Amino acid sequence: VYKRQQDRQLVPKGQLHEIEYEHMAADPIGALRAAYETLDLPDFDKLEKAIEPELETLKQYKKNEFNDDPHWVKRVYEELKPAFDRFGYEKPDAAS
C-alpha cells in the first residue's frame with residue numbers, strides 16, 4: 001500500500017494492479033485473471049489449472065475474528081487511509 005497517493009504515480013502504467021479483498025474472496029479466478037491481463041502476464045491457464053483444485057478447500061475457510069485494540073485500529077486506519085478512501089471502505093468504529 002502506498003503511503004502517499006502520489007507514490008502510485010511512480011509505478012509505470014501496466015505494472016500495477018490492485019485487488020480488493022472482497023473481489024478476491026468472491027471470485028479468486030476472476031480476480032487473478034484480471035491481474036494477469038492488466039499486467040500482461042503469460043500462462044494464466046497454467047495457473048488456473050494449478051489453483052482450481054484448491055478452490056474447494058478455500059470455500060471451507062473461516063475468516064479470523066479479532067478483538068480490536070482501539071490504539072492499533074486507529075493507527076492502521078491512519079496509515080492506510082488513502083487505501084480506505086480509494087476502495088470505499090468505511091472508517092472502523094474503533095478508529096474514532
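Helices here are DSSP runs of H or I with at least four residues, strands are runs of E with at least two, and both are numbered from the N terminus. By that rule R8 sits in helix α1, residues 5-8. This is a predicted model, in which local features need pLDDT of at least 70, side-chain atom pairs count only at pLDDT 80 or more, and totals for chains, interfaces and linings use all residues. Residues are numbered from 1 along each chain as its sequence is written, and side-chain values use heavy atoms, with hydrogens and water left out.

Is R8 buried or exposed? R8 counts as buried because its relative accessibility is 18%; buried means under 20% relative accessible area, exposed over 50%, and partly exposed in between, with a 1.4 Å probe and protein chains only. The side chains of R8 and E18 are joined by a polar contact of 2.8 Å (a pair of N or O atoms within 3.5 Å; within protein, one must be able to donate a hydrogen and the other to accept it, and residues adjacent in sequence count only if both atoms are side-chain atoms).

Now the pockets. On a 1 Å grid over the protein atoms alone, where a 1.4 Å probe fits, a pocket is an open set with protein on both sides within 12 Å along at least five of seven lines, and lining residues have an atom within 4 Å of a point. The largest pocket has 13 lining residues, with Y21, F66, V76, F84 and P92 nearest its centre. Helix α5 gives the largest share of that lining, six residues. For the second largest pocket, α2 gives the most, four residues. Its lining includes Y21, M24 and L55.
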